[in-house]
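Biologist: I'm new to this one. Can you walk me through a few features?

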Amino acid sequence: MKIRPFDLERYFAKYEFSVKHVMSASDCETMTVAELMAMAGDEEMETWSDLRLHYTEPKGHPDLLKAISKTYQGISPENLITVVPEEGIFLAMNALLEPGDNVVALSPLYQSLLEIPRSIGCSISDWPIVLDGDSWRLDMDLLESLIRPDTKLLAINFPHNPTGFHPTEREFRKILEIAAKNGIWVFSDEMYRGLEPSPGTRLPSAAEVYPKAISLSGLSKSYGLPGLRMGWLACTDSDMMKEISGLRDYTTICGSAPSEALSILALKCGDKLIGRCQDIVEKNTAVASEFFERHQDLFGWIPPMAGSIAFPELRENTPADELFTDVLDRKNLMILPGSVFGAQGNHFRIGLGREDFPECCRILEEYLDER
Ligand SMILES: Cc1ncc(COP(=O)(O)O)c(C=O)c1O
C-alpha cells in the first residue's frame with residue numbers, strides 16, 4: 001500500500017508533545033482514570049480490578065455494544081463494531097471501495113477520508129464548504145452535479161473539522177436523499193456529534209436513517225477521552241458489517257480490554273461527560289469571540305455552529321504558515337495553519353475544547369502586541 005503522509009498527524013507528531021501550549025487541538029479536555037471512576041460510581045472500581053487482560057470479543061464487549069446502541073435510535077448491537085476511530089475509516093473505506101471508484105468528498109476534510117480512498121485507486125471529487133460572508137455553507141446543486149455513474153461513496157463529516165460548520169436537519173436529510181436517489185453509500189464521520197450548542201440542533205446519525213450509511217463515532221472528541229482510542233462504526237447493512245469485521249482480523253483483531261472496561265464506564269455517565277465538554281467549548285467560544293473582536297483588523301472570526309473547532313481567517317498578506325511558525329518559535333504556542341488541510345484561503349484551526357484556551361489567547365495577544 002502506498003499512501004501520502006498524513007500532513008495533520010505529522011504536524012501534531014512534531015509539536016504536540018514538545019510545545020507548551022496547543023491552541024488547535026480538536027479533542028476536549030481529558031481526565032484521569034480516577035476522575036472517570038469517581039464519576040461512574042463505586043461498583044465500577046471492582047469491575048476494573050477484576051478485569052482479565054485476555055483477548056476480547058472481535059466486535060466489542062457485549063456490554064459496550066449495548067451501551068453504544070443506547071446512544072442511537074434503532075441501532076442494535078448487531079449493527080455496531082468497535083474500532084480505534086482512525087482504524088474505522090481505514091476498514092470502512094477498504095471494505096467499500098475498489099480501484100476506479102469515484103468518491104465525492106466534502107472539502108476541506110480530515111485527510112484520511114480522502115487519502116485512504118486515493119491509496120485504493122479511487123478518484124476524488126471535492127464538494128467544497130464555501131465561506132459566504134461570515135458563515136460557511138453548502139451548495140446542494142453542486143453536490144448533485146458532482147455525482148457520476150462511477151461514484152460509489154459520499155464522504156461527509158458533521159460537526160465539521162476544521163470549519164465548525166453544521167447543517168440543519170433539513171439540509172442533512174437532503175444530502176442523504178441525494179445519495180439515496182443515486183444509490184451511493186455515505187460515510188458519515190460523526191466524531192464530534194454531541195457537541196451541538198443546543199440539543200435541537202443534533203442531527204440524526206446517518207446510520208439511523210439511511211441503510212447505505214456507515215457512521216463513525218467514538219469517545220475521542222465529544223467525551224474528552226481520546227487516550228481510550230475507542231470508536232465504533234454503525235451500519236444496518238449486515239453484509240457490509242461482515243466485510244468490515246473480516247478486514248479487522250488484519251488490523252487489530254479486537255479491542256484492548258482496559259479500554260473496553262473504561263469505555264463502558266464512560267458511556268454510563270456519557271451525558272455528564274459530554275455536558276462537561278460542551279461547557280468548556282461554550283466558555284471558550286465566548287473567550288474567542290472577545291479575542292477576535294479585539295483583533296478584527298487581523299482576523300475574520302466565524303464561530304463554530306457545532307463541534308470543538310473553528311477555522312478563522314488571517315486577513316493579511318503573511319501566509320498563516322509563516323505567522324504561526326514565528327508564534328511557535330517565539331511563544332512556544334502551536335496553531336495549525338489551514339494548509340495542513342489543503343484548504344483554500346488563509347485560514348487556521350483553533351480548538352475550543354481545552355481548559356488552557358484562554359491562556360493560549362493571552363499568549364497570542366502578547367505576541368501580537370510585541371510584533
Ligand atoms: C473528523 C475526524 N475523524 C476521525 C478522527 C480520528 O479520531 P482518532 O484520532 O480518535 O482516531 C479525527 C481526529 O482528529 C477527526 O477529526
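**Helices, pocket, cavity and a strand residue**

Modeller: This is a predicted model. Helix H4 (residues 62-69) and helix H11 (residues 257-268) have axes that come within 9 Å and cross at roughly 30°.

Biologist: What is the handedness of the crossing of H4 and H11?

Modeller: H4 and H11 make a left-handed crossing.

Biologist: Which residues make the contact?

Modeller: From H4, they are Asp63, Leu64, Ala67 and Ile68. H11 contributes Glu260, Ser263, Ile264 and Leu267.

Biologist: And how do the residues of that contact divide into nonpolar, polar and charged?

Modeller: In the contact of H4 with H11, five residues are nonpolar, one is polar and two are charged.

Biologist: How many residues line the largest pocket, and which lie nearest its centre?

Modeller: The lining has 27 residues, and Glu9, Ser26, Tyr110, Lys221 and Arg229 are the ones nearest the centre of the pocket.

Biologist: Which helices supply at least two residues of that lining?

Modeller: Helix H1 (7-15) and helix H5 (85-96) each do. H1 gives the largest share of the lining, five residues.

Biologist: How does the lining of the largest pocket divide by residue type?

Modeller: It divides into 13 nonpolar, four polar and ten charged residues.

Biologist: What about cavities, how many of 30 Å³ or more does the structure hold?

Modeller: The structure holds one cavity of 30 Å³ or more. The volume of the largest cavity is about 60 Å³.

Biologist: Which residues line the largest cavity?

Modeller: Among them are Phe158, Pro159, His166, Phe172, Arg193 and Arg202. Others in the lining include Ser188, Glu190, Glu196 and Leu203. By type, the lining of the largest cavity has five nonpolar, three polar and four charged residues.

Biologist: New topic. Where does Ser107 lie?

Modeller: Ser107 is in strand S3 (residues 102-107).

Biologist: Leaving aside neighbours within four places in sequence, what is Ser107 in contact with?

Modeller: Ser107 is in contact with Asp126, Trp127, Pro128 and Ile129, those neighbours left aside.

Biologist: And what separates the C-alpha atoms of Ser107 and Phe311?

Modeller: A distance of 13 Å separates the C-alpha atoms of Ser107 and Phe311, with the two residues 204 apart along the chain.

Key
Residues are numbered from 1 along each chain as its sequence is written. This is a predicted model: local features need pLDDT of at least 70, side-chain atom pairs count only at pLDDT 80 or more; totals for chains, interfaces and linings use all residues. Side-chain values use heavy atoms; hydrogens and water are left out. Axes are lines fitted to C-alpha atoms, for helices over the stretch in contact, and angles run from 0 to 180 degrees between N-to-C directions. Helices (H or I, at least four residues) and strands (E, at least two) are DSSP runs, numbered from the N terminus. A crossing is left-handed if the near helix is turned anticlockwise from the far one by less than a right angle, and right-handed if clockwise. Contact means heavy atoms within 4.5 Å. Ala, Val, Leu, Ile, Met, Phe, Trp, Tyr, Cys and Pro count as nonpolar, Asp, Glu, Lys and Arg as charged, and the others, Gly among them, as polar. On a 1 Å grid over the protein atoms alone, a cavity is a set of points where a 1.4 Å probe fits but cannot get out, and a pocket is an open set with protein on both sides within 12 Å along at least five of seven lines; lining residues have an atom within 4 Å of a point. Grid points are joined across faces, edges and corners, and a volume is the space filled by probe spheres set on the points.
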